[in-house]
Amino acid sequence: MALLGVNGTANELWLAVVSDEGEVLDSQVRIVPAPDSPLATQIRTALDEAERVIETNGITVVVILEPETGRFQPSYFQSVLRISLESAVVLAADQAGIVSVRRSRKWVRATLDLPRTGALSAHAAAVVEPHPPHWASKRDVAALAALAERLS
């Protein structure tokens, strides 16, 4: 039994699998479809990869971390792939019969009692040891989302 934390960027999803005991496990670190392929193909790739990660790791809850809010507001075109890939993970969770939730960074901070200022990634070391590769500002915040959900 484990939780899957998901942190999206414009064109890929960073993943962190966290055990029921709160340990970050070694597993697939990201989902990144071929950028030059049609959107439907990218979504199918994300769905297939998410299904595999969920099944392989015995995931019981998927936690998708919402993007950072603030001054920068991405356009529709900058957001469509991220939202599509995240939706594919939600569908994979649904097909597996498990819960998926979206959590705000504010909620993660409050649940883990982290400071309200500064990048969320800057506070990860206070909660979890690094697990390379692609840790800082990628998988670390995915792990924080999963750890916060574990406590809720």
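Of the 19 residues lining the largest pocket, Gly8, Pro67, Glu68, Pro74 and Arg82 are the closest to its centre. Strand 1, helix 2 and helix 4 (135-151) are the elements that give two or more residues to this lining. Helix 2 gives the most, with five residues. I also sorted the lining by type: six residues are nonpolar, eight polar and five charged.

A note on how to read this: the model is predicted, so local features need pLDDT of at least 70 and side-chain atom pairs count only at pLDDT 80 or more, while totals for chains, interfaces and linings use all residues. Residues are numbered from 1 along each chain as its sequence is written, and side-chain values use heavy atoms, with hydrogens and water left out.

**Terms I wrote down**

- A pocket is found on a 1 Å grid over the protein atoms alone, as an open set of points where a 1.4 Å probe fits, with protein on both sides within 12 Å along at least five of seven lines; lining residues have an atom within 4 Å of a point.
- Ala, Val, Leu, Ile, Met, Phe, Trp, Tyr, Cys and Pro count as nonpolar, Asp, Glu, Lys and Arg as charged, and the others, Gly among them, as polar.
- Helices (H or I, at least four residues) and strands (E, at least two) are DSSP runs, numbered from the N terminus.

**Strand 1**

Next I asked: is strand 1 (residues 2-8) buried or exposed? Seven of its seven residues are buried, so the strand is largely enclosed by the rest of the structure. (Buried means under 20% relative accessible area, exposed over 50%, and partly exposed in between, with a 1.4 Å probe and protein chains only.) Ala2, Leu4, Val6 and Gly8 are buried on one side of the strand, and Leu3, Gly5 and Asn7 on the other.

I then looked up its partners (two strands pair if DSSP finds at least two bridges between them). Strand 2 (residues 13-19) pairs with strand 1 in the antiparallel sense over seven bridges, and Gly5 has Ala16 as its bridge partner there. Four residues make the hairpin that joins strand 1 to strand 2. Strand 5 (residues 59-65) runs parallel to strand 1, with six bridges joining them, and Leu4 has Val62 as its bridge partner in strand 5.

In strand 2 I picked out Ser19. Ser19 counts as buried, at 6% relative accessibility. Leaving aside neighbours within four places in sequence, Ser19 is in contact (heavy atoms within 4.5 Å) with Met1, Ala2, Leu3, Leu25 and Arg150.

**Helix 2**

How far does helix 2 (residues 76-95) reach from its first C-alpha to its last? Its 20 residues reach 27 Å, close to the 28 Å expected at 1.5 Å a residue. The expected span is 1.5 Å times one less than the number of residues. Its buried residues include Arg82, Leu85, Glu86 and Val89. The buried residues of helix 2 pack against strand 1, strand 2, helix 1 (39-57), strand 5, strand 6 (99-103) and helix 3 (105-111).

Not counting residues up to four places away in sequence, Glu86 touches Gly8, Leu13, Ile64, Leu65 and Arg102. Just after helix 2, Gly97 takes a positive phi of about 75°.

Helix 4 is mostly covered, with 12 of its 17 residues buried. Among them are Trp135, Arg139, Asp140 and Glu149. What covers the buried residues of helix 4 includes strand 1, strand 2, strand 3 (24-25), strand 5, strand 6 and helix 3.

I kept the backbone for last. Most residues other than glycine have a negative phi, and most peptide bonds are trans. Which residues does a cis peptide bond join? Pro132 and Pro133 are joined by one, with omega about 5°. Pro133 lies in the loop between helix 3 and helix 4.

Asp113 and His134 lie in the loop between helix 3 and helix 4 too. Asp113 has a positive phi of about 55° although it is not a glycine, and His134 also has a positive phi of about 55° without being a glycine. Asp113 is exposed, with a relative accessible area of 69%, whereas His134 is partly exposed at 35%.
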